[in-house]
Amino acid sequence: MSAFPVPPAPLPSLLVSVRDPAEAEAAQLAGADLIDAKDPERGALGALDVGVVTEIVTRIAGAAVTSAVADPTPDAVTAMAATGIDWVKTGLDARDRRDKAAMAALTAAAPGRLIAVLFAEDGPAADLVPTLAQAGFAGAMIDTAGKSGARLTDLAEPEALAAFTAACRTHGLMSGLAGSLRITDIPVLSAHRPDYFGFRGGLCRDFDRRNGIDPLRVAEAVRALRPNQRDAA
Ligand SMILES: O=C[C@H](O)COP(=O)(O)O
């Protein structure tokens with residue numbers, strides 16, 4: 001046995017998607033690690049106006065890490081990066097996944113700060129990770145494109161998720177898992193060791209992602225992520 005204890009693997013962080021500064025503040029105060037600006041009325045990857053994102057950045061004021069969705073064009077990514085957000089997320093659909101030049105143009109618009117959002121509906125993603133790393137993405141996550149039916153766990157086999165997060169670790173990319181997750185998914189999916197879990201609907205009133213964030217559910221998700229950690233208060 002080693003004389004030195006092996007440090008435990010870092011626990012996944014909690015990303016919560018918010019639509020405005022009030023939700024951002026509520027989610028941060030409830031313990032979210034990563035505040036993600038997104039318009040839930042506009043599907044999986046609805047970008048908010050840059051003015052609203054700037055207000056969210058100002059309201060959070062460094063109390064949590066921030067991210068925001070941008071449309072998949074260099075101009076949109078540049079504009080979102082200029083808000084002062086930490087990370088910019090942009091979707092890569094099945095066609096975008098094959099276009100290396102377009103990927104490089106996107107990452108050049110937010111060097112070191114762009115996260116690729118892949119969709120579970122497009123199939124396994126592990127094989128794409130080396131290409132994403134080469135194109136300059138800082139991270140990659142899997143989400144679901146559809147937000148009214150199948151969840152991540154319906155669309156992706158555990159082996160595919162494990163291969164994806166492992167490939168991200170190998171290639172130095174931050175990894176995330178999302179897609180109509182519920183708090184009860186956390187213990188099961190934690191086995192894949194993603195860097196973060198992305199939530200919206202599962203932390204909203206009535207589990208409807210168009211409703212407001214429920215801070216009690218955010219706090220419950222934090223407890224599920226850190227079962228051995230006592231509340232700070
Ligand atoms: O980035 C994460 C998404 O906002 C997750 O949304 P959802 O939990 O409603 O699928």
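How many of the five residues of strand β7 (residues 174–178) are buried? Five of five are, so defined by under 20% relative accessible area with a 1.4 Å probe, protein chains only. The model is predicted: local features need pLDDT of at least 70, side-chain atom pairs count only at pLDDT 80 or more, and totals for chains, interfaces and linings use all residues. Residues are numbered from 1 along each chain as its sequence is written, and side-chain values use heavy atoms, without hydrogens and water.

View 1. Strands are DSSP runs (E, at least two residues), numbered from the N terminus; helices are runs of H or I, at least four residues. Pairing requires at least two DSSP bridges. Strand β6 (residues 139–143) pairs with β7 in the parallel sense over four bridges. β7 and strand β8 (residues 196–199) are also parallel, over three bridges. Leu-177 stands opposite Ile-142 and has Phe-197 in β8 as bridge partner.

**View 2. The ligand site.** The ligand is surrounded by 16 residues (a heavy atom within 4 Å). Ser-17, Lys-38, Lys-147, Ser-180 and Arg-209 are the closest. Polar contacts are pairs of N or O atoms within 3.5 Å. A polar side-chain atom of Arg-209 lies 2.7 Å from a ligand oxygen. A polar backbone atom of Arg-200 is 2.9 Å from an oxygen atom of the ligand.

**View 3. The buried face of helix α3.** In α3 (residues 74–81), Val-77, Met-80 and Ala-81 are the buried residues. They fall within an arc of 100° (directions from the helix axis to the C-beta atoms), so they line one face of the helix.

Key: Buried means under 20% relative accessible area, exposed over 50%, partly exposed in between (1.4 Å probe, protein chains only). A polar contact is a pair of N or O atoms within 3.5 Å; within protein, one must be able to donate a hydrogen and the other to accept it, and residues adjacent in sequence count only if both atoms are side-chain atoms.
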